[in-house]
Amino acid sequence: MIVPLEHVILLSLALFSIGVFGVLFRRNAITIFMSIELMLNAVNLALVGFSRYYDSVDGQVFVFLVMTLAAAEVAVGLAIIIALYRNRQTVNIDEINLLKN
Amino acid sequence: MTNLQSLDLFWPELIITVVILTALIVDLCIEKSKSDVVGWVLVIGLLITAIAIWNQDKTTTTLFTDMIVLDPFATFFKLLIILSTLLVAVVSWQNNELDEYRKGEYFTLLGILVLGLFLMASSIDLIMVYISIEVVSIMSFILAGYLKLDTRSNEAGLKYVVYGAFSSGIMLFGLSILFGLTGSTNYFIIQKSLAGLDGSASAALVMALLMILAGFGYKISAVPFHFWTPDVYEGAPTTITAYLSVAPKAAGFAIIIRFFHQVFADGGALADAESLSMTDVPWPEIIGILAVATMTLGNLVAIQQESIKRMLAYSSVAHAGYMMLALPVLSIQTVYAIMVYLVMYLFMNLGAFFVVITVKNKTGGETFDDYRGLGWEMPFIGVVMTLFMLSLTGLPPTAGFIGKFYIFSALISGGSQYYWLAIVGGINSVISLYYYFHVVKVMFLEGERKETLVQPPEVMSGVLLATAIPVFLFGIYWNPVVNWVQNSLIFYVQTM
């Protein structure tokens, strides 16, 4: 059975929205990163769906690169969180507010 | 052009790759106290790259099977990026903030950043757009949080990483919809397929464009995607702040111009773009309103700042706004104006941040209080800072005036529907006069006059002169810049 493109796109949109809401409403830096990963995975799903719809591999190549870069981004992000945690003992972004107007 | 043939025209990037690897190896072999040597590797490598770019074939072609282009437009941005990196690398030796840390990685990361910016200026494929933006972003995250013992720098890094990853995720979703609409990642094929779309796709196209605009807007710190700018600029090491406010912004404009100019406007003005008129959304007006919001917010908030570094951060938001003013028109003449502005902006903004570094090295602070009476104590710093402030305001006879003049005249020649943009831009320049001159006032009219004169270190004086002289010279004799920009206004265009 072939899943229709609409279903793939709807699932991807739903995942993406969950990710966006997570970033906007969660206060824990680690959870925010997980939400960002969700957004990127939603994109990957959409890309694979479109790629199959057009019968081209461009989208799938794109997915591999997105996964690599997402991993790099999270690695850097976690390193920065650890550096911050050593100095401040918190990962709650509401308490990270030294820089303000 | 196939992959192997492309390598012949890819020398500058290959040289930078070698420089990055050399910098890594050199860093492994030396002690922490000598890590400045890595900076020499970077500076010499960049000079060789600049020579390689200068001597490159002046051909216009695509490389690596239509992934990136080689055209005078990209070359212009590459030289601009090298120039700003060189200035920042030299100042990084003098920046006391970095003294406690090993500087090897710092210079290596700057090198990788340059490679990413090069690709940003020349990509014509959605995949390359994403990769290059991410390379630049990830390196900037690390550099912004480089002072790992300083909580403010940690915080800048974290905020940058969260905002950066979030907005690149949104942009990526936009890119995937664009891919879904057209079935290709190549700019030219996308342009052709968009022309063949019917009205039913317009909602998806609007969504894709808004999301892509969010990603690009974040790179040039346009309102409403600017929230990261002041915090990151304040917390990051000042050399990196200076760099982020110039080089990635220039590359961001390069990518925006190429995207809208080639995918939608087909080399003509944005207002006449057929594939955009299908969507029933007034794109030129939307971008115009964003530009006005960007510069007004930047200027109004800059007035209230205590810290000069943070004030300059808001001022750089405002300057992005001035450059964005020209985007709604997006004819060849406005692209020309943006490029002239970028050259002028490079010198004046880097110069202003270098003054902040010199003063921080001496007094340890960056608020207005630390600048009291500075003009009498360090006359040289006082004079060059006044020049940079004049130029950032846009008063003659400085480079900033010429930049603004070109932007406004391009707007006026764009037609009467753009007059209001020029008028708002003029009003904004007047507002900015207030806070730029506050700096001059504090330096010369407040505080006690000290009898002893203090000289900044020779290297800093040299770099400040290297930025101050062009700011003054290009205000009087700007022909070289204009000619250079004129010769660089050639895009690669593929006809199908």
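The structure described here is a predicted model. Counted by residues, the contact draws 42 from chain A and 46 from chain B.

Polar and charged pairs also span the two chains. Across the interface of chain A and chain B, 6 residue pairs are in polar contact, with both residues at pLDDT 80 or more. The count of salt bridges between chain A and chain B is 1. This bridge joins B:E155 to A:R88, and the closest N and O atoms of the pair are 4.0 Å apart. On the side of chain A that touches chain B, at least two residues come from each of α1 (5-25), α2 (29-54) and α3 (58-88). Of the elements of chain A, α3(A) gives the most to this side, supplying 16 residues. By type, the residues on the side of chain A that touches chain B comprise 30 nonpolar, 8 polar and 4 charged.

Attention now turns to chain B, where helix α12(B) takes part in two helix pairs. In one pair, the axes of helix α12 (residues 247-264) of chain B and helix α16 (residues 332-363) of chain B come within 11 Å and cross at roughly 175°. Because angles over 145 degrees count as roughly antiparallel, α12(B) and α16(B) are roughly antiparallel to each other. From α12(B), the contact is made by B:K249, B:A250, B:F253, B:I257 and B:H261, and these meet B:I332, B:V335, B:I338, B:L342 and B:Y345 of α16(B). The residues of this contact of α12(B) with α16(B) are 8 nonpolar, 1 polar and 1 charged.

In the other pair, helix α6 (residues 126-144) of chain B packs with α12(B) at an angle of about 170°, the axes lying 12 Å apart. Accordingly, α6(B) and α12(B) are also roughly antiparallel to each other. Here B:L126, B:V129, B:S132, B:I133 and B:V136 in α6(B) meet B:P248, B:I255 and B:F259 in α12(B). The contact of α6(B) with α12(B) is made up of 7 nonpolar residues and 1 polar residue, with no charged ones.

Over all chains, the count comes to 18 salt bridges. One of them pairs B:D36 with B:K103, where the closest N and O atoms are 3.3 Å apart. B:D36 lies in helix α3 (residues 36-54) of chain B and B:K103 in the loop between α4 (72-94) and α5 (104-122) of chain B, so the pair ties together parts that are 67 residues apart in sequence.

A few points of the backbone also deserve a friendly mention. Most residues other than glycine have a negative phi, and most peptide bonds are trans. In chain B, the peptide bond from B:V223 to B:P224 is cis, with omega near 0°. B:P224 sits in the loop between α9 (202-219) and α10 (228-235) of chain B. The bond from B:P396 to B:P397 is cis as well, with omega near 0°, and B:P397 is found in the loop between α18 (379-393) and α19 (399-413) of chain B. In chain A, A:D55 has a positive phi of about 60° although it is not a glycine. A:D55 is placed in the loop between α2 and α3 of chain A.

Definitions and conventions. Residues numbered from 1 in each chain as written. Chains lettered and ligands numbered in written order. Predicted model: local features only at pLDDT ≥ 70, side-chain atom pairs only at ≥ 80, totals over all residues. Heavy atoms only, no water. Contact = heavy atoms within 4.5 Å. Salt bridge = Lys/Arg side-chain N within 4 Å of Asp/Glu carboxyl O. Polar contact = N/O pair within 3.5 Å; in protein donor to acceptor, adjacent residues only side chain to side chain. Helix = DSSP H or I, 4+ residues; strand = E, 2+ residues; numbered from the N terminus. Nonpolar A, V, L, I, M, F, W, Y, C, P; charged D, E, K, R; others polar. Axes fitted to C-alpha atoms, helices over the stretch in contact; angles between N-to-C directions. Parallel < 35°, antiparallel > 145°, perpendicular 65-115°, else oblique.
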